[in-house]
Amino acid sequence: SVERRIMTVSQFFVVSPRGDTIVSRDFRADLPRGTAEIFFRNVKFWDGKQQEAPPIFHLNGVNYMYIKKNGLYFVCTNKVNVSPSFIIELLVRLTKVFKDYCGVLSEESIRTNFVLIYELLDEVLDYGHVQGTSTELMKSYVFNEAIVVAKKHSFANLRGIGDMGARTTPSTAVDKPITMRNQKGKKRRNEIFVDIYERISVTFNNNGSVLNSSIDGTIQMKSYLSGNPPLKLALNEDLVVGKSSGGAQYGALVVDDCNFHECVKLDEFDTSRSLTFVPPDGEFVVMNYRITSDFRTPFRVFPLFELVSSHRIELIVKIRADIPEQNYGGNVVIQFPVPKDTASVSCDLGIGVVGQATEYMAKDRKVVWRVKKFAGGTEHTLRCKINLNSAHQANVRKEVGPVSMHFEIPMYNPSNLQVRYLRIMENKSYNPYRWVRYVTRSSSYVCRL
């Protein structure tokens, strides 16, 4: 029928950052060859400029829809008027399935496990029609074993909760394929990983005061438990859902709204703030939540603008880390645009500063300041002298800024949402390793001038 034909995929391919086609499958043979090369040529130089194409575009009778993950392009093509949101969701689920079965989603892991990738593709798509994207259901039909590829860049360590012996394990431990069998002579290790990710958005004024702020949080889980026993996950007892909820005590954790995975049972959530569920195979999101009430911002930004002369301006940016001393911000990047009429820029970080670097990118008209490790309780200052080609008045201030920050803070979450415990509801002798990790990332962290 026409409806069935509209929801089909003609081709699927994975393209590397260099333009190599790593995986390619033509399901319907209704499009010409060479679409992968045409896609890469246009995605890198859209409209003849050195800029990336939008996620959905039409070219010479072919619809191209793609997402970018870890530098790789995952692409579907079609020549009929397909639903774009349907295809984008399919691509997102395909990348999740690949990651669940390969452990790591990278060019090396896909090249190494190409036989497994093609087997997964054939289970998900049949003649371009989607059959299913459930990691759990496909285990009965997928027989190839993944070859484990080490993740090159590990970041935050995982920390144990409860009385579980060893307190930490490498962050790469969560990157094991779900189908990996026991090694000879080794007993299978029952483990479950809980990640609390929080993305924060903050806007400051030029005095360093917060204008608005919000947290978008996710509790993500990956289970390596034999038998898939039911679990109970307990959160803060003082958790209040909904700002309008009456009876919220002072200091309580107020969540504006939240939603849960379909496997989660909420029978005890209202009384004890605990969630019960049988974890499905692979990585899944237990809970999403949003917070807009006041919280302590991890970094405070204090800019100082001065018009030294008609041809020269000076900008001092001071940043203070308002996080505990045992925490740190990793790979911190601060950047701000400068006026169009800028002739040159000189940056001063002070004497004896290590682990920091500045760069003036003339083409993009912006200054980039990188701090490898920003320790809690410390502050850093950048003094930037900007020389202009022609005379300017005080209104040149409008062309400077805003100052934006990008960072990641391991083992810290500004909302103070905590996992009180994670228990196996059946079989008391069943004592797996349980790990929890807190990671805070910037979403939009901006200071206006």
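Rings of Phe, Tyr and Trp (its six-membered ring) were paired if their centres lie within 6.5 Å; planes under 30 degrees apart count as stacked, over 60 as edge-to-face and the rest as tilted. By this rule the count comes to 19 aromatic pairs. The model is predicted, so local features need pLDDT of at least 70 and side-chain atom pairs count only at pLDDT 80 or more, while totals for chains, interfaces and linings use all residues. Side-chain values use heavy atoms, without hydrogens and water, and residues are numbered from 1 along each chain as its sequence is written.

Phe 13 and Phe 39 pair edge-to-face, at 6.1 Å centre to centre and 70° between the planes. This pair links distant parts of the chain: Phe 13 lies in strand β1 (residues 11-15) and Phe 39 in helix α2 (residues 35-44), 26 residues apart. Helices (H or I, at least four residues) and strands (E, at least two) are DSSP runs, numbered from the N terminus. Both Phe 13 and Phe 39 are buried, that is, under 20% relative accessible area (1.4 Å probe, protein chains only). Ring pairs also join Phe 13 and Phe 39 into a cluster with Phe 40, Trp 46, Phe 57, Tyr 64, Tyr 66 and Tyr 73.

Phe 407 and Tyr 445 form another edge-to-face pair, 5.0 Å centre to centre with 85° between the planes. Phe 407 belongs to strand β25 (residues 403-410) and Tyr 445 to strand β27 (residues 433-447), 38 residues apart. Phe 407 counts as buried because its relative accessibility is 5%. Tyr 445 counts as buried because its relative accessibility is 2%.

Key:
Buried means under 20% relative accessible area, exposed over 50%, partly exposed in between (1.4 Å probe, protein chains only).
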